[in-house]
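Work through the exercises below with the coordinates open. Each task is followed by a solution in steps.

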Amino acid sequence: MKKITINPVTRANSPFVVEVTVDGGKVVEAKCSVQFFRGFELILRGRDPRDASYLTERVCGICSSAHGTAAAFALEDAAGVRPPHNGNILRNLILGADLLQNHIRHFYLLSLPDYVRGPNLPPFVPGYKKDFRLPSRVNEAMLNNYYEALEIARLAHEMVALFGAKAPFPHSILAGGSTVAPAADVVMNFRSKLQKINDFIANRMIPDAHTLAGVYDDYYSIGGRNADMLVFGIFPRDQYDRERYFPFGAVLDGQLYQVDLQAIREDVSHAWYIGGVGQPGGDYGVAGNLYGKGMQNKQALPDREKQGAYTWVKAPRYKGRAVEGGSLARLWVRGDYRHGVSTMDRIMARVLETQKVGQLMEGWLEELRPGEPVYKPFKIPQKATGVGLTGAMRGPLGHWLRIEKGRIAGYQIITPTAWNMSPRDAGGQPGPMEQALLNTPVADENEPIEISRVVRAFDPCSACATHVIAPGKSLREFIIPV
Amino acid sequence: MMKIKDFIKIIGKSGMDVKKTTNQLVGGLLAGDKKKRPPVLWLGTNTCAGDSISFLNSLDPGYRAMITNLIDFRYNHFVMTAEGDMSTGVLEDTLAKHAGEYLLIVEGTVPTRSGGLYCVVGHRNGKPYTALEAVRELGAAAGHVVAVGTCAAFGGPYAAHPNPSRGKSVQGILDRRVINVPGCPVNPGWIVGTLAHLVWYGEPELDEYNRPTLFYGETIHNLCQRRHYFDSGIFAAQLGEPWCMYKVGCKGPVTFADCPYRQWNGEHVNWPVKANTPCIGCVNPEFPEHTMPFFEHLPDIHLPQITVNADRIGAITGTLAALGIGSHLAVRIKKGRLAKTIKKGLAPPKLGLQVLQTTPAQKLVDGIKFKLKKKN
Ligand code: SF4
């Protein structure tokens, strides 16, 4: 038995820690831990509800558009306003471009150094030396694509900026719509950049992913877990948000179900928080129950000294299960990809989703109607509640908002990485990433690259995962048809 | 330092095409003087990595040119291959071998709560190595310390009320001078430009907040393409309109940055006002605490519920100066008649809104003429 601690795990949006126990060459126990805390929900209280879309973007530098979107949806829900036709499409285009940027950067910049040997130059050295299997010519070609991918990802961020002012943290994702008119020159510029990106995806990224999957095909059986997943829909088809291009869905044991928000609970028994209802080991609830009786005016507060806890991430559970989110879950719900649940499946699904979104965006550009409004003004309600649900790059993202006296009285965020990288719950059930690590073979305990490959395929982002429970609203029945 | 003459000679000899991108020129310039490539440690503390990502958005030079020609980019959690002890070993190694030489870039606030345990960057001797310790240690021995992004420079969003992690700016925990390159996120041009300046010419000229005046020397308002609308009192009444954004919350008048010129992302395609949204003052020492609400215009944010202390008067005086309002008003502020004076002084002329509501061209022109006459 040997304990291996990787602290920090790099090449993730924010560093985190993995601790595994290896016995007989395999992982028998795993803990994932996030070691930093900021407390967004506490900071949001008392502020103007419109500010949430800009401020919550600051939760995460690589998926800021997703937070902007969830915040806009939540306020629209509370204020009873819908964006105009153009506003909806523009927001989809901004989030879509940001998703392309995220996935391209994840595949090349964050993932590939686990499989491809870099040049002999910092920050590529030092690094692990074992199990790099690509023949040198292939290795060289992929490395070139690595550099090109950086340019392509930058281009995707320029698309975000075209309609969104700047990236990260675009300004044009707002409750009420968007702000840049789809004039011919801007649309043309956007379209031309999109074309370059889609060419890169088709001609480089997809072949590179296939090459990788061919050479490292054992990773189809490493990092596996039960097919338990959760998806919040992404990209509304129309401004009324009746249907989304990537639909809502829950997958339990591989079977598809409707999403029932009442079935979400959040557990803090192994996270550094105290307060709320009950004590460690009790049912802290969130979403479904958090804002019910007994939770009013109570909140979980950070306590780094709490015994038995090992992370800043809470443990959200769906129907009591640890479920994962992300590209694989979304494609599974769509029925586009059901090959399996493993490290390589997560990577392949992310790459395929990149292509899918890039193609969809070409169609959305056609739907823009120049000359029509992009933004609809509205009044902030004095007292209201709202929910904003969207798919973020890494999985389901929800913002829950309560307004009193025209100000934010409660704000709750449940992020994708909270789902994916959650710790054990009161019943001792590990989070999805912890489950996926079990049985991972470790050939050399001094170079545990297998561990890194498993965790990185989740595209974990601890920046988005650390939050505080704050008092919010009581949720109404909310079932989303698939 | 290489003189420009020598540089041109090298270019001539190398047969390099002068029309080539800056990217290649930077490479050519530095190829002759490899020693100049200083080790850079980019330490992420409590951050969202937005500044690292913005750094990657640099176009000329791009990332590849930067790491091969400009800097020896040793440590950055977002891009580095090493992890665990191997990665924190890079910090130790650089500290031991290049003290006084390396650049420390810090991205993020540095939490001080629970002895710094609200951000741990690695472990050492079986104990957590906190961001607080890391910044103190690495900061003490660095050639220069650069705080990149508003969090590192001034505290930013995570240090906003009630500051749950008791986060501080880098300057707040270091005794030495910290060069602040704020922005939420930092503009690629600001950070890469600051690095280039440090590598080639040494420390840039800094303002009273230790920001390079090269990028933060003038207000957004003074550089804004919509300034003529402001001066003529033509204001957007809602987001998405193409006029001056002052009434919907623009903090350009109190924000020192060159966004209107430089604009954002690789090709410099856009910036908030061009996108018909307000500047939210993200480079300011007071962002976001006192640039919120983002969609309310200036006088409103500076008045209610805010205690007036010396700093605040400074900021407000700055506002007045930027708006071109006489210094006699500033004196009155110090005497305490703040609310009334500011409201009177800063309330945008009604004229603009009336003009906007009716908009026939002649009326617009008449209004502007009237305003100008009144001014003279
Ligand atoms: S208030 Fe803002 S939009 Fe108006 S001129 Fe000044 S900087 Fe430009």
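A salt bridge is a side-chain nitrogen of Lys or Arg within 4 Å of a carboxyl oxygen of Asp or Glu. This is a predicted model, in which local features need pLDDT of at least 70, side-chain atom pairs count only at pLDDT 80 or more, and totals for chains, interfaces and linings use all residues. Residues are numbered from 1 along each chain as its sequence is written, chains are lettered from A and ligands numbered from 1 in the order in which they are written, and side-chain values use heavy atoms, with hydrogens and water left out.

**Exercise 1. Describe the interface of chain B and chain A.**

Step 1: contacts. With contact meaning heavy atoms within 4.5 Å, 77 residues of chain B touch 74 residues of chain A.

Step 2: area. The size of an interface is often given as the accessible area lost when the parts come together. Buried area is taken here as the accessible area (1.4 Å probe) that two parts lose on being put together, summed over both. For chain B and chain A the value is about 6,500 Å², and carbon and sulfur atoms give 61% of it.

Step 3: pairs. The rule finds 4 salt bridges across this interface. In the salt bridge of B:Glu83 with A:Arg456, the N to O distance is 2.5 Å. A polar contact is a pair of N or O atoms within 3.5 Å; within protein, one must be able to donate a hydrogen and the other to accept it, and residues adjacent in sequence count only if both atoms are side-chain atoms. Between chain B and chain A, 38 residue pairs are in polar contact (both at pLDDT 80 or more).

Step 4: elements. Helices (H or I, at least four residues) and strands (E, at least two) are DSSP runs, numbered from the N terminus. On the side of chain B that touches chain A, the elements giving two or more residues include helix H4 (63-70), strand E2 (72-76) and helix H5 (84-97) of chain B. H5(B) supplies the largest share, 6 residues.

**Exercise 2. Why does H8(B) count as largely enclosed?**

Step 1: span. H8 (residues 188-201) of chain B has 14 residues and reaches 19 Å from its first C-alpha to its last, close to the 20 Å expected at 1.5 Å a residue. The expected span is 1.5 Å times one less than the number of residues.

Step 2: burial. Buried means under 20% relative accessible area, exposed over 50%, partly exposed in between (1.4 Å probe, protein chains only). Because 12 of the 14 residues of H8(B) are buried, the helix is largely enclosed by the rest of the structure. Among them are B:Trp190, B:His197 and B:Trp200.

Step 3: ends. B:Gly202 follows H8(B) and has a positive phi, near 90°.

**Exercise 3. Is A:Glu366 buried or exposed, and which residue is its salt-bridge partner?**

Step 1: partner. A:Glu366 forms a salt bridge with A:Arg191, the closest N and O atoms being 3.3 Å apart. This pair joins distant parts of the chain: A:Glu366 is in helix H8 (residues 343-367) of chain A and A:Arg191 in helix H6 (residues 184-215) of chain A, 175 residues apart.

Step 2: accessibility. A:Glu366 is exposed at 58% relative accessible area, and A:Arg191 is partly exposed at 34%.
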